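Please keep the structure open beside you as you read.

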Amino acid sequence: MEKSYGIEAARAQLGDIADHARSTGQVIKLTRHGRSVAAIGPVAAIKPLAGVQVWLYLGDQEAVSYTFPSVPRVGESILVETADGNENFWDVVNVQWDIRPDEAPAVNVLADEHAKES
């Protein structure tokens with residue numbers, strides 16, 4: 001399969017392109033007049049250009065704003081360094097999208113302290 005397609009040519013093959021991207025992990029660019037305008041790929045392969053701003057709730061602590069390369073998934077462990085230089089692992093237990101008509105959308109990530117293995 002090609003590594004890029006013109007938008008018009010891709011319309012008829014969109015399902016096949018998406019299936020190929022999912023099964024191979026390959027990212028396929030869509031172009032208009034030879035310039036890349038979008039990409040189709042497996043979700044894990046497509047990262048936001050500037051990261052995702054989230055409100056991170058660690059246990060019962062106050063929410064802190066962090067920028068992640070992508071939205072963490074429930075079940076993932078994240079390493080958080082505090083202002084005093086300590087590092088702790090936290091397990092993501094919930095991800096909430098907060099969308100309101102009169103406010104900017106927010107992503108809330110709730111995490112519990114990582115279970116210690118014995």
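The model you are looking at is predicted. S1 and strand S2, which covers residues 28-32, run parallel to each other, and three bridges link them.

Both strands belong to an open sheet of three strands, arranged as S1-S2-S3 with mixed pairing. Strand S1 (4-6) and strand S3 (35-40) form its edges, each pairing on one side only. From one strand to the next, the twist averages 35°. Helix H2, made of residues 14-24, packs on this sheet and touches S1, S2 and S3. The direction of H2 makes about 65° with that of S3.

## The five-stranded sheet

A second stop is an open sheet of five strands, again with mixed pairing. Reading across, the order is S5-S4-S8-S7-S6. Strand S5 (64-68) and strand S6 (77-81) are the edge strands, so called because each pairs on one side only. Neighbouring strands here are turned by 45° against each other on average, with direction ignored.

Within this sheet, strand S7 (residues 87-98) and strand S8 (residues 106-113) pair in the antiparallel sense, over eight bridges.

## Salt bridges

How many salt bridges does the structure hold? There are two. One joins Arg11 to Glu8, with the closest N and O atoms 3.3 Å apart. That N to O distance is within the 4 Å cut-off, so the pair counts as a salt bridge. Where do Arg11 and Glu8 sit relative to each other? They are three residues apart in helix H1 (residues 7-11), so about one helical turn separates them. Arg11 is exposed, with a relative accessible area of 56%, and Glu8 is exposed as well, also at 56%.

The other salt bridge brings together the side chains of Arg100 and Asp98, at 2.9 Å from N to O. Are these two residues buried, partly exposed or exposed? Arg100 has 44% relative accessibility and counts as partly exposed. Asp98, at 21% relative accessibility, is also partly exposed, because buried means under 20%.

How values were computed
Residues numbered from 1 in each chain as written. Predicted model: local features only at pLDDT ≥ 70, side-chain atom pairs only at ≥ 80, totals over all residues. Heavy atoms only, no water. Helix = DSSP H or I, 4+ residues; strand = E, 2+ residues; numbered from the N terminus. Buried < 20%, exposed > 50% of the residue type's maximum accessible area, 1.4 Å probe, protein only. Pairing = 2+ DSSP bridges. Axes fitted to C-alpha atoms, helices over the stretch in contact; angles between N-to-C directions. Contact = heavy atoms within 4.5 Å.
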